[in-house]
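Here's a quick briefing to read alongside the model. Have the sequence and the 3D view open, and follow the topics in order.

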Amino acid sequence: KDGTFERADFTYDPEKDIYTCPGGKELTQNRRAFAKPREKKPDEDGLLRYRASKADCDACALKARCCPKGPSRKVTRSIYEPSRDVARTIARTTQYAISCKLRKKVEMLFAHMKRILGLNRLRLRGPCGAHDEFHLAATAQNLRKLAKLIPPPQVARQA
């Protein structure tokens with residue numbers, strides 16, 4: 001909203017485990033090359049921090065849009081981000097849109113059961129009782145739908 005780049009503007013490379021900024025520079029977790037590679041640990045919030053080099057940011061023409069208040073850009077990535085990426089790709093499919101539409105239909109029927117038919121709590125105990133109660137409520141809903149499909153009787157008018 002303030003005109004600066006978002007995390008979505010940075011591209012992530014899972015093989016190298018780096019982000020690439022819109023200016024083409026790399027953001028890594030560790031700047032130094034250690035003899036024994038360090039373990040990449042998330043912080044207490046489960047976030048991994050990727051940082052750009054200050055020298056790269058100072059020389060960049062996009063610094064005003066990237067990190068106007070800081071010396072260099074920092075990007076965080078959750079340890080659960082691969083799962084979120086899978087969920088985001090599923091959410092873009094047509095099957096997901098169909099599933100949402102069908103789920104909304106079912107949720108509306110349950111809301112109708114709660115509000116109109118007074119099924120906000122079950123009266124019968126156990127799984128068999130719940131099963132019976134839901135079948136009765138579904139039967140009542142289906143009967144109401146059928147009643148709406150039948151045209152009202154025509155009353156003959158006398159002249």
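For the residue classes used below, Ala, Val, Leu, Ile, Met, Phe, Trp, Tyr, Cys and Pro count as nonpolar, Asp, Glu, Lys and Arg as charged, and the others, Gly among them, as polar. Bear in mind that this is a predicted model: local features need pLDDT of at least 70, side-chain atom pairs count only at pLDDT 80 or more, and totals for chains, interfaces and linings use all residues. Residues are numbered from 1 along each chain as its sequence is written, and side-chain values use heavy atoms, with hydrogens and water left out.

**The largest pocket**
- A pocket here is an open set of points on a 1 Å grid over the protein atoms alone, with protein on both sides within 12 Å along at least five of seven lines; a cavity is a set where a 1.4 Å probe fits but cannot get out, and lining residues have an atom within 4 Å of a point.
- The largest pocket holds about 160 Å³ of space, where a volume is the space filled by probe spheres set on points joined across faces, edges and corners.
- Its lining is made up of Arg 7, Ala 8, Phe 10, Tyr 12, Tyr 19, Arg 77, Glu 81, Asp 85 and Arg 88.
- Sorted by class, that lining has five charged residues, four nonpolar and no polar.
- Helix α3 (residues 81–91) gives the most to this lining, with three residues; helices (H or I, at least four residues) and strands (E, at least two) are DSSP runs, numbered from the N terminus.

**The cavity**
- The count comes to one cavity of 30 Å³ or more, and the largest cavity has about 110 Å³ of space.
- Of the 15 residues lining the largest cavity, Cys 21, Lys 25, Cys 57, Cys 60 and Cys 66 lie nearest its centre.
- By class, the cavity lining splits into 10 nonpolar, four charged and one polar.

**The core**
- The largest nonpolar core has 12 residues, among them Phe 5, Phe 10, Tyr 19, Cys 21, Leu 27 and Val 75; such a core is a set of buried Ala, Val, Leu, Ile, Met, Phe, Trp, Tyr and Cys residues joined through side-chain atoms within 4.5 Å.
- Leaving aside neighbours within four places in sequence, Val 75 is in contact (heavy atoms within 4.5 Å) with Arg 7, Phe 10, Tyr 19, Leu 27, Leu 48, Arg 49 and Tyr 50.
- Cys 21 sits in the loop between β2 and β3 (26–27) and is buried at 13% relative accessible area; buried means under 20%, exposed over 50%, and partly exposed in between (1.4 Å probe, protein chains only).
- Not counting residues up to four places away in sequence, Cys 21 touches Phe 10 and Leu 27.

- Asp 17 has a positive phi of about 60° although it isn't a glycine; Asp 17 is in the loop between β1 (11–13) and β2 (18–20) and counts as buried, at 16% relative accessibility.
- Ser 53, in the loop between β4 (47–51) and α1, is buried at 18% relative accessible area.
- Cys 100 lies in helix α4 (residues 94–115) and is partly exposed at 26%.
- Cys 100 and Pro 71 are 29 residues apart in sequence and 44 Å apart in space, C-alpha to C-alpha.
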